[in-house]
Amino acid sequence: MLAQWPSFRGPGGIGVAHFTTAPTQWNIETGEGIRWKVEMPRADFNSPVVWDNRLFLSGADGETREVYCFDTGTGALL
């Protein structure tokens, strides 16, 4: 369970990653520390959930609410 990121601020809500591969720095301009980027079909405020090799994010507009699942290795929308 500690290797997952199941909720806001991670396991137990304490904001601490219990694994050593969590990114600590990134640069949008150079791409440093960024594996992939995707455009969200419907952007919204989020707290990502990461479970194994899946990233879950929500999106909404005035009429629709959706949950998206991405492959963490490739960024492919599943």
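In the predicted model, Asp 44 is in contact with Ser 58, Gly 59 and Ala 60, apart from its neighbours within four places in sequence. The C-alpha atoms of Asp 44 and Gly 59 are separated by 4.9 Å, although the two residues lie 15 residues apart along the chain. Asp 44 belongs to the segment before strand 1 (49-51).

The strands form an open sheet of three, in the order 1-2-3 and with antiparallel pairing. Strand 1 and strand 3 (65-71) stand at the edges; each has a single partner strand, so one side of each is left without a neighbour in the sheet. On average, neighbouring strands of this sheet are turned by 25° against each other, direction ignored. Strand 2 (residues 54-60) and strand 3 run antiparallel and are joined by seven bridges. Across this pairing, Leu 55 stands opposite Phe 70 in strand 3.

Phe 70 also takes part in an aromatic pair with Trp 36; the count of aromatic pairs comes to one. The ring centres of Trp 36 and Phe 70 are 6.0 Å apart and the planes are at 35°, so the pair is tilted. Because Trp 36 lies in the segment before strand 1 and Phe 70 in strand 3, the pair ties together parts that are 34 residues apart in sequence. Trp 36 counts as partly exposed, at 23% relative accessibility, whereas Phe 70 is buried, with a relative accessible area of 2%.

Notes:
Residues numbered from 1 in each chain as written. Predicted model: local features only at pLDDT ≥ 70, side-chain atom pairs only at ≥ 80, totals over all residues. Heavy atoms only, no water. Helix = DSSP H or I, 4+ residues; strand = E, 2+ residues; numbered from the N terminus. Contact = heavy atoms within 4.5 Å. Pairing = 2+ DSSP bridges. Axes fitted to C-alpha atoms, helices over the stretch in contact; angles between N-to-C directions. Phe/Tyr/Trp six-rings, centres within 6.5 Å; stacked < 30°, edge-to-face > 60°. Buried < 20%, exposed > 50% of the residue type's maximum accessible area, 1.4 Å probe, protein only.
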